[in-house]
Number of protein chains: 2
Amino acid sequence: MSEKNVATAARQASTLGEEIVSRINRLAAISETPDNLTRIFLSPEHRVAADLLMTWMVDAGMSAHLDAIGNVCGRYEGERPGLPCLMLGSHYDTVRDAGRWDGPLGLITAISCVADLHRRGRRFPFAIEVTGFADEEGVRFASTLLGSRAVAGTFNERVLASRDSAGISMREALVQFGLDPDHIGAAARVRSELLAYVELHIEQGPVLEAKGLPVGVVSAIAGATRLAARLTGMAGHAGTVPMELRRDALAGTAEMITKIEELCLTDGRGLVGTVGYIHAMPGATNVIPGQVHFTIDLRAPTDTHRNRAVTDIVRQIEAIAKRRKLELRLDVTHENRTVPCEPWLKTQVAEAVAAEGYPVFELPSGAGHDGMAMVDIADVAMIFVRCRGGISHHPDEHVEVGDADAGARVLLRLIENFRPRQAGE
Amino acid sequence: MSEKNVATAARQASTLGEEIVSRINRLAAISETPDNLTRIFLSPEHRVAADLLMTWMVDAGMSAHLDAIGNVCGRYEGERPGLPCLMLGSHYDTVRDAGRWDGPLGLITAISCVADLHRRGRRFPFAIEVTGFADEEGVRFASTLLGSRAVAGTFNERVLASRDSAGISMREALVQFGLDPDHIGAAARVRSELLAYVELHIEQGPVLEAKGLPVGVVSAIAGATRLAARLTGMAGHAGTVPMELRRDALAGTAEMITKIEELCLTDGRGLVGTVGYIHAMPGATNVIPGQVHFTIDLRAPTDTHRNRAVTDIVRQIEAIAKRRKLELRLDVTHENRTVPCEPWLKTQVAEAVAAEGYPVFELPSGAGHDGMAMVDIADVAMIFVRCRGGISHHPDEHVEVGDADAGARVLLRLIENFRPRQAGE
């Protein structure tokens, strides 16, 4: 980088970073509850947020509209109208009692980057689109990635009949929001319209912080397998059943949890396993647990790796159950394939990171993102921004303004240097 | 035993056993709920049961009255009025959805034994008292052994102010039952009135069944220490926090449960440890548990043994917490000392068992019993009767009529051969 370029980059970053943080805070003020941040799909506040985002898009020189599922869609034309686009985006719904950065950081950064290009009159041989996905978290209707699935043309119309906890169907909620549920198909895009999909997002984990890096290049969005386990032994009096005559379902579960942890710890290639939910019955201090329900969540950077780990873990915990004379039932309750970030696109992200003066560090995304749906119509890449303590889905979620700057500079650099996929890439 | 005696014993046992099972079934029909057995302290059904028990006592040649806490007190005078007594007894309250044998078997067997002696006109140089303790289980007011504590003079008057789940105080409930809460002190007996306290009870465990024995001699009522543990780590996203950066409170708890089980299994001298309650927070499939609450129940045949085990286990789980960078808080929530059965009295129980033709087998009681309170005013012994599968506190609780016979014959033999403690015993 020339000295002049360094100075320009620094000035831009400072401006962009401050603008982004200011907008993050304005958007976070739009909440269903005054004391914490909750902005659920198709709520009145969700609509207010969509309108604010569209205002910012128009200010950034984009056309903006809501599509039929409630995605906020901005388009910044290229050197001539109607060119295929580089699509940027993230989601603008939140979990309950959320942090303000999960979703909005990527969306607002993209808008601010376009605004910067617009101020400088930059146009490219491709359009730029910015999509604010309406529902990534899936809090209201227990079905995630609704916005990006609509764009990818994989929206399942059956979920329109599902109802929220108040008994309102998704169909009714869309109408209340001002949308036509019979036109969701119109939100779908086709592969020829998209050159790539790139999403910037907070890491939601502690790796970049541990490495001392503001940004990272995502290698893949890790797939996940979730299992529900039910382990049955024999309940009994805590005082009267000798240890050797027990069939203690919780002691068996404890051995299984320890085994799962050990297998993941010794894997050394990114496998993570979590038992997050456990319920021991009858659950009294003085009764040996006769049955335990628990969950297992397994993720790895590739599907092969994860599937092998699932097989291995199932085999090992079945052996524990057999040895302890416990009856084990296992059900797969959820399975997401791994979405690898495309090498040609990931290389351009890495070049942008390096051009901004940061070490290039690759890490997988353990959390799910809209790219998991977008991969059906576009090559996908992601940029991670460091968040404090790895904390997410919590009011303490935090990004330093300098790191928001860094993310914006990398994204801007990526856009300015973007080259569509070449034959053979 | 002469041949005549054998024949007489067999005829008595058959008669007694059938009478006992018939009365067990009649008493079990007195329940607050029609489909299961629930007879809680001071409920209307508890009162109906008390009246039935007093009828049986009077039929057996005893005087009978309710004391101020609701204990059913029967007295069969000795060769002359006012002699010190051999006290027999057990409780007539139940847990919710109870079995019919836990408590009533000992009480009804004692009444039937006295009835048999009365039919035969037998009087001894001591009186026999049969006490049906009003509340051993402690279901209603979360305070156990209320009946036997009143008799032992150790009733804590402060519990009169405690309230049940409907908001009724124990004081109010006693008045509704027809008792005067200000006279509970009058229920107290003194040591000089009692020669011994002997209780027959179902084992509530699987040991006699595993040994193929209908009856056993209790060596001691094992003391218990209960601990409440709170283990705090750091919650996090199941996908984004690498294994080596986790402070998973549930993985830590699992290691602790496995360690507790291992220490008890390798003890080889009757130590039992149970983690019966566990609660992991936040408890979501895709969130690493940040905090876990769990309980530890530890019992051993002697206080020294149990206290050493508590120290050992605390030390070991503290080490696990430290290594995993988890914060451990441990509170002792309950502690009962071990009540050894007095050798002189236990010897007489063993002699009665042998005289009835059974192998003498000693085992500790892991469950608590009214003897734990009675020990403050009397030497204590217990006779265990086999129950099917070791199941108790459950509708499947079951005793074969032949085993009820066996228990009655042993108790009757003990009474007939009873010799008060001699100097030097």
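How many Å should the 16 residues of helix 2 (residues 44–59) of chain A span at 1.5 Å a residue? They should span 22 Å, and the end C-alpha atoms of this helix are 23 Å apart, which agrees; the expected span is taken as 1.5 Å times one less than the number of residues, and helices (H or I, at least four residues) and strands (E, at least two) are DSSP runs numbered from the N terminus. This is a predicted model, in which local features need pLDDT of at least 70 and side-chain atom pairs count only at pLDDT 80 or more, while totals for chains, interfaces and linings use all residues. Residues are numbered from 1 along each chain as its sequence is written, chains are lettered from A and ligands numbered from 1 in the order in which they are written, and side-chain values use heavy atoms, with hydrogens and water left out.

**Relation of the two chains**

**Salt bridges**

- Side chains of opposite charge can pair when their charged atoms come close.
- Over all chains, a search of the whole structure finds 67 salt bridges, each defined as a side-chain nitrogen of Lys or Arg within 4 Å of a carboxyl oxygen of Asp or Glu.
- A:R324 and B:E261 form a salt bridge whose closest N and O atoms are 2.7 Å apart, and this pair crosses between chains, from the loop between helix 8 (303–323) and strand 13 (327–336) of chain A to helix 7 (residues 249–267) of chain B.
- Both partners are buried, A:R324 with a relative accessible area of 16% and B:E261 with one of 15%; buried means under 20% relative accessible area, exposed over 50%, and partly exposed in between (1.4 Å probe, protein chains only).
- In chain A, A:R23 forms a salt bridge with A:E19, with the closest N and O atoms 3.9 Å apart, and because the two are four residues apart in helix 1 (residues 3–28) they are separated by about one helical turn.
- Of this pair, A:R23 is buried at a relative accessible area of 12%, whereas A:E19 is partly exposed at 21%.
- A:D403 counts as buried, at 8% relative accessibility.
- In chain B, a network of salt bridges links B:E19, B:R23, B:D116, B:R119, B:R120, B:R122 and B:E416.

**A buried arginine without a salt bridge**

- B:R39, in the loop between helix 1 (3–28) and helix 2 (44–59) of chain B, is buried yet has no salt bridge, and the nearest side chain of opposite charge, B:D93, is 7.5 Å away; for charge, Lys and Arg count as positive and Asp and Glu as negative, while His and the chain ends are not counted.
- The side chain of B:R39 reaches the backbone oxygen of B:I30 at 3.2 Å and that of B:Y92 at 3.0 Å.

**Helices and a buried methionine**

- In helix 2 of chain A, the buried residues include A:H46, A:L52 and A:W56, and the helix is followed by A:G61, whose phi is positive, near 90°.
- Helix 9 (residues 343–355) of chain B has 13 residues and reaches 18 Å from its first C-alpha to its last, close to the 18 Å expected.
- The buried residues of helix 9 of chain B, among them B:W344 and B:V353, pack against elements including strand 5 (194–202) and helix 11 (401–416) of chain B.
- A:M374, in helix 10 (residues 371–374) of chain A, is buried with a relative accessible area of 0%, and the residues that A:M374 touches include A:M87, A:F133 and A:Y197, not counting residues up to four places away in sequence.

Technical notes
Contact means heavy atoms within 4.5 Å. A polar contact is a pair of N or O atoms within 3.5 Å; within protein, one must be able to donate a hydrogen and the other to accept it, and residues adjacent in sequence count only if both atoms are side-chain atoms.
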